[in-house]
Amino acid sequence: MAYVITGSCIKDSLCVDVCPTDCIHPKADEPRFEAVTQLYVQPDGCIDCGACVPVCTSDAIHPIDDLTEEQKHYAAKNADFFTN
């Protein structure tokens, strides 16, 4: 996984619209959208293009290697979303 979405995500879905590999979910029309507090990057789908970063208005998307100690648990949280 090249990028991780963290807890400051406001679910505005701008990142979903620009992702070339469709690896950010849930989308607004998907069943789990209302139930989650943030969006998630699918680890196997992210190609490290960075298209999502400049459109994120809440500064919630970061390269996995740049996560702070307090943010590192979001890498597992993003991956876990796709295993449930």
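Q: Exposed means over 50% relative accessible area. So is E69 buried or exposed?
A: This is a predicted model, and in it E69 has a relative accessible area of 61%, so E69 is exposed.

Q: OK, what does the E69 side chain meet?
A: The side chain of K72, in a salt bridge at 3.1 Å from N to O. K72 has a relative accessible area of 44%, so K72 counts as partly exposed.

Q: How many salt bridges does the structure hold?
A: There are 2 of them. Besides E69 with K72, D22 and K27 join up through their side chains, at 2.6 Å from N to O. D22 is partly exposed at 37% relative accessibility, and K27 is partly exposed at 23%.

Q: Switching to rings: how many aromatic pairs are there?
A: The structure has 2. In one, the ring centres of Y40 and F81 are 4.5 Å apart and the planes meet at 10°, so that pair is stacked.

Q: Where in the chain do Y40 and F81 come from?
A: From distant parts of it: Y40 belongs to strand 3 (residues 40–41) and F81 to helix 3 (residues 73–81), 41 residues apart.

Q: And are those two buried or exposed?
A: Buried means under 20% relative accessible area. Y40 comes out at 6%, so Y40 is buried. F81 comes out at 10%, so F81 is buried too.

Q: What's the other pair?
A: F81 with F82, and that one is edge-to-face: the centres are 5.1 Å apart, with 85° between the planes. F82 is partly exposed, at 26% relative accessibility. Through these ring pairs, Y40, F81 and F82 are linked into a cluster.

Q: Which charged residue sits over the ring of F81?
A: R32, whose charged end is 3.8 Å from the centre of the F81 ring. There's also K11, which lies over the face of F33 at 4.3 Å from the ring centre.

Q: Now the nonpolar core. Which residues touch the most other members?
A: In the largest nonpolar core, which has 17 residues, those are I5, C15, I24, L39 and I61. Strand 1 (3–5) and helix 1 (14–18) each supply at least two residues of this core.

Q: What does C15 touch?
A: Leaving out residues up to four places away in sequence, C15 touches I5, I24, L39, C52, V55 and I61.

Q: What tends to happen to nonpolar side chains in general?
A: In soluble globular proteins, they tend to be buried together.

Note on methods: Residues numbered from 1 in each chain as written. Predicted model: local features only at pLDDT ≥ 70, side-chain atom pairs only at ≥ 80, totals over all residues. Heavy atoms only, no water. Phe/Tyr/Trp six-rings, centres within 6.5 Å; stacked < 30°, edge-to-face > 60°. Helix = DSSP H or I, 4+ residues; strand = E, 2+ residues; numbered from the N terminus. Buried < 20%, exposed > 50% of the residue type's maximum accessible area, 1.4 Å probe, protein only. Lys NZ or Arg CZ within 6 Å of the ring centre and 35° of its normal. Core = buried A, V, L, I, M, F, W, Y, C linked by side-chain atoms within 4.5 Å. Contact = heavy atoms within 4.5 Å. Salt bridge = Lys/Arg side-chain N within 4 Å of Asp/Glu carboxyl O.
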